[in-house]
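Hi everyone, thanks for coming. I'd like to walk you through one model today, so let me put it on the screen.

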Amino acid sequence: MSIQPTALRSVLNPRYLESALRDQYNIGTWEECLFWLRGLNDTYRIRTSSGMYILRIYRTEISEEDVHYELSLLSQLKNVLGSAEHTDIGEYIEKKDHTGYTVLEAAEGKRVAVMFRYIEGTENNLEDEESCYAFGQSAAELHKAMDQVNVELPRYELDLKFLIDEPLKRIIHYIGENNEAAAFLHTFATTLKERIVATSRQDLDFGLCHGDMHGNNNAFQQEHQFIHYDFEWAAKSWRAYDLAQVKVRKRQSEDQKAVLWKALIAGYRSVRSFSAEDEQAVDLFIIARRFWVMGLDVAFIESDTGGLDYGSDWLDSFVEEFRNTGIVS
């Protein structure tokens, strides 16, 4: 019987990270390595004699191939967006050996470390029409740039398998086939897929997407530019899926959402096309995104969040939300 790792997810000691990484970068003398944020990955804020940086320690499920793809994409986007009016990205910092990442040993296995530039600026909550119009322009510029890059590395797609089939499998495994919600979730997932397939026959815009354009990863603003970062989920998908995540931003008041969305789409269309069919598909992808989020919740129960908050109330809330969509009568 093989011995399993002693941990499912550890927090790496900042002093260890400084010792392992400080000589690998030309970023000055390290003065601080502070554990900054626990998200899907772990983020540390690095302060050196030359300024501030962000160090990301990817969870062990993220492979070297995944990180290689992300960094290759960032390198190409940086070149394409060099003269962009509304858009920039948070690029990574090369090591002295001109590579982009380091593989570290943790209790749970190998974890990849990447250093990024620290993004100055303010987070724009997209609460007025002018900001939404400008963000729409930036999102379109990003998609336009993504149409011009070519990362010749293996990559999954944010397709129906990724958004619905795999989350459904995780959810049912967690709640059990005998749970009274299981039959509904099976029917809901099947019907939602059928709706998206039918809509996709209208030749929706499909291409490389940011994959997690929920606002916090995209709405930092420096003067007239939005700075997009955290491209972990970047892959080919429907552009309507990318924009769906912006339409349901929680920081906008409900009575303003329709007006603000109209302004965002107008800004987007001032840069590149987005058909009426694409716009109509956005609401379907909002639902698909929520189903994916439910599956993501389940994926992190064992290694990160624990099951306390993911019992009957959590399940009932999602089931009620999905019933209210009218996808299943």
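Before the helices, a word on geometry: axes are lines fitted to C-alpha atoms, for helices over the stretch in contact, and angles run from 0 to 180 degrees between N-to-C directions. Helices (H or I, at least four residues) and strands (E, at least two) are DSSP runs, numbered from the N terminus. Please keep in mind that this is a predicted model, where local features need pLDDT of at least 70, side-chain atom pairs count only at pLDDT 80 or more, and totals for chains, interfaces and linings use all residues. Residues are numbered from 1 along each chain as its sequence is written, and side-chain values use heavy atoms, with hydrogens and water left out.

Let's begin with a helix pair. The axes of α4 (residues 160–175) and α5 (residues 182–200) come within 11 Å, crossing at roughly 180°. The two helices are therefore roughly antiparallel (an angle over 145 degrees). Contact here means heavy atoms within 4.5 Å. On the α4 side, the residues making it include Leu160, Ile164 and Asp165, and on the α5 side they include Leu185, His186 and Lys193. By class, this contact has 12 nonpolar, 1 polar and 2 charged residues; Ala, Val, Leu, Ile, Met, Phe, Trp, Tyr, Cys and Pro count as nonpolar, Asp, Glu, Lys and Arg as charged, and the others, Gly among them, as polar.

Staying with α5, which residues of this helix are buried? Among them are Phe184, Phe188, Thr191 and Thr199, where buried means under 20% relative accessible area with a 1.4 Å probe, protein chains only. The buried residues of α5 pack against α4, β11 (235–238), α8 (276–299) and α10 (312–323).

Now to the strands, which pair if DSSP finds at least two bridges between them. β7 pairs with β9 (residues 220–222) in the antiparallel sense over 2 bridges, and threonine 122 is opposite glutamine 221 in β9.

Last stop: β5 (residues 102–106) and β6 (residues 109–117), which pair in the antiparallel sense over 5 bridges. They form a hairpin with 2 residues between them, and alanine 106 stands opposite glycine 109 in β6.

Key
Angles under 35 degrees count as roughly parallel, over 145 as roughly antiparallel, 65 to 115 as roughly perpendicular and the rest as oblique. Buried means under 20% relative accessible area, exposed over 50%, partly exposed in between (1.4 Å probe, protein chains only).
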